[in-house]
Amino acid sequence: MLSFAAGLVTLALILVELNQERSLSLRILYLGLAYLGLFACAHLAVRRWAPYADPAILPCVALLNGLGLVVIHRIDLALEGTVFPDGSTWDPVAFKQVIWTGIGLLLFAATLKFLPDHRMLARFGYTFGLVGLVALLLPGVLPGFIAPTINGAKIWLRIGPLSIQPGEFAKILLMVFFAAFLVSKRDLFTVAGRRFLGMDLPRARDLGPLFAAWGVTVAVMVLQKDLGSSLLFFGIVLVLLYIATERAAWVVLGLGLFSGGAIIAWKLFTHVQQRVANWQDPIARYDVVGGGYQISQSLFALATGGIGGAGLGAGRPEMIPESNTDFITAVIGEELGFIGFAALLLVYMIFALRGLRGAISVRDSFGKLLGGGLAFAVCFQVFIVVGGITKLIPMTGITAPFLSYGGSSLLANYILVALLLRISAAARAPQRIAKPKPQQPAIADQHTVMVERPK
């Protein structure tokens, strides 16, 4: 399956070069072989440290990552020689993404090697929760020269020449915390309160964790102006609560709280009002600063792609702002069409289903919650991204997992994949049958030995 993914990526590179009327060279073949070698090393790491892991997860990731590299390279070609208003020119980023991929696979292998059992994470659940909470809120409280505002959101930390998005790692740390917390306090959340409209509502004194999660999401929305991270974080909390308790009342209450917070934010904050106005009618705000130009160009690209697409390398990704990060799925929709876009979503669906299958099959409750949360996080993030570029929901500004350019997202997602493989390996590993202890004969069957008293 990895060879098949490498073949598709190499073919996609050839199509890009042909449609850009560039001469083919052995460089493309070398790139395809290097890509195959990189993931072959990752495959060997899985065979060495998680031999029973699900065999379909890593090939899905390899295909998504490879397609992302191809599209980023195609965008580099489209923007080659572009001069921006400040006098700077476009700096190609495809090679940087290859480096981030290599670093991500190193973290992937290190996670498999140094985490032989996923249950070890439960011991540090509260520590991970504190670190994750600090990492999530830190950019919102630091000054601008350390945490700059980029595209209206304050979610980055700048350390010298490098920038990091701590929220990507906080997502995993907080999932570990909530999984450990819900396992240890499950009885607290399953005690029924009053019954209303056919649902067993929780007791008022048990709503503290839900209000705490809601408060954190509102703080992220206010301090960082980041709708995507707040929606993603709160959605993960609600799903973990539902998996742990199997009660829809938690989901209904959570959605009510988030909707109320979103409405209040819409009334109070200008950036939220702009996002909602752009969502309602992007064409009417096409020429407004901070208006609907970006989402309008995304819709035009998807319409241009139609059913079969314009072809890899034959679209106009330079017409879409932030085409290699937030709107990379719009570029894929234009050049691969509805058929290619649907196939991309099917790959994500296979990845999520295999992750959920491992979570269902694993024997411990912590692994079930953590695996379910990790698989859902990727699936829900894709929904937020695709919903934004198709105007199903307001644009949130988060990146597509494994596709978009960005080191923080790629590194965090490869750690997430390693954890899913560790959980699936535990679920698929054969149970060790203890050797039966030799049965002692009954007392009635024992031989009687006459012993003389010593004189």
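Residues are numbered from 1 along each chain as its sequence is written, and side-chain values use heavy atoms, with hydrogens and water left out. Because the model is predicted, local features need pLDDT of at least 70 and side-chain atom pairs count only at pLDDT 80 or more, whereas totals for chains, interfaces and linings use all residues.

Six salt bridges are found in a search of the whole structure; a salt bridge is a side-chain nitrogen of Lys or Arg within 4 Å of a carboxyl oxygen of Asp or Glu. One of them joins the side chains of Arg 354 and Asp 54, with an N to O distance of 2.9 Å. Arg 354 belongs to helix H13, while Asp 54 sits in the loop between helix H2 (26-49) and helix H3 (57-78), so the pair ties together parts that are 300 residues apart in sequence. Helices here are DSSP runs (H or I, at least four residues), numbered from the N terminus. Asp 54 is buried at 5% relative accessibility, whereas Arg 354 is partly exposed at 22%; buried means under 20% relative accessible area, exposed over 50%, and partly exposed in between (1.4 Å probe, protein chains only).

Lys 96 and Asp 91 form another salt bridge, at 3.0 Å from N to O. Both ends are partly exposed, Lys 96 at 35% relative accessibility and Asp 91 at 43%. In the salt bridge between Arg 119 and Asp 117, the closest N and O atoms are 2.7 Å apart. Arg 119 is partly exposed, with a relative accessible area of 49%, and Asp 117 is partly exposed as well, at 22%.

Attention now turns to helix H12. This helix (residues 293-305) has 13 residues and spans 18 Å from its first C-alpha to its last, close to the 18 Å expected, which is 1.5 Å times one less than its number of residues. Its buried residues include Ile 295, Ser 298 and Ala 301. The buried residues of H12 pack against helices H11 (270-280), H13 (328-361) and H14 (365-389), contact being heavy atoms within 4.5 Å. Just after H12, Gly 306 takes a positive phi of about 60°.

Finally, Ser 409 lies in helix H15 (residues 407-428) and is buried, with a relative accessible area of 8%. Not counting residues up to four places away in sequence, Ser 409 touches Glu 168 and Thr 399.

Conventions
Helices (H or I, at least four residues) and strands (E, at least two) are DSSP runs, numbered from the N terminus.
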